[in-house]
Amino acid sequence: MAELAMALGLPGEAESVLQHGFDAKLLGDQNAYTPQSRMLDLAKEQSAADRAQLASLDKDSRKADTGAESIKLGEVYLSYEKYDQAIEALKRGLNKGNVAQIGEAQLHLGIALTHLKKAKEARTAFNAVPKNSPLCRIARLWLVHLNKR
């Protein structure tokens, strides 16, 4: 999961996943020289650089003609558990339009809303994931999760 997060340009997500794994004693000793500890170090390094650019990315995404930059920013905010900022950026991106990955954007919006306990809005976002999207099944699982609350 951490490798995928890194490949997608979400080092904050990778850092969080790896840190949880080490804290739960699932990945061994964090101080040992292992592939997982090296990846955590890399994720922390990239995450620090990423966080330093958030204000600039936000500014650029507001100026952009399409919603793609705001969607990417929303995903980055979500990976750092900055749910309010993620929601704002994702909604801005969806409203601007010209977004190639509508399903992904709606799924991430629903996840951020779920974390802030905004179940009604989250349901709307999950239901907006296109039925032909491969992420539709994941959105339905999130809806099941919401209904258990």
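Good morning. A salt bridge, as the term is used here, is a side-chain nitrogen of Lys or Arg within 4 Å of a carboxyl oxygen of Asp or Glu. The model before you is predicted. By this rule, five salt bridges are counted in it.

Let me begin inside helix 6. The side chains of Glu88 and Arg92 form a salt bridge, with 2.7 Å from N to O. These two residues are four apart in helix 6, so about one helical turn separates them. Arg92 counts as buried because its relative accessibility is 12%, under the 20% limit for that class. Glu88, in contrast, has a relative accessibility of 33% and counts as partly exposed.

Where does Arg92 find a partner in helix 4? Asp58 forms a salt bridge with Arg92, and their closest N and O atoms are 3.7 Å apart. Asp58 belongs to helix 4, residues 54-63, and Arg92 to helix 6, residues 83-96, so this pair ties together parts 34 residues apart in sequence. Asp58 and Arg92 are both buried.

Since Glu88 is in helix 6 and Arg62 in helix 4, the pair ties together parts that are 26 residues apart in sequence. Arg62 is partly exposed, at 45% relative accessible area.

To conclude, salt bridges with shared partners join Asp58, Arg62, Glu88 and Arg92 into one network. Thank you.

Notes: Residues are numbered from 1 along each chain as its sequence is written. This is a predicted model: local features need pLDDT of at least 70, side-chain atom pairs count only at pLDDT 80 or more; totals for chains, interfaces and linings use all residues. Side-chain values use heavy atoms; hydrogens and water are left out. Buried means under 20% relative accessible area, exposed over 50%, partly exposed in between (1.4 Å probe, protein chains only).
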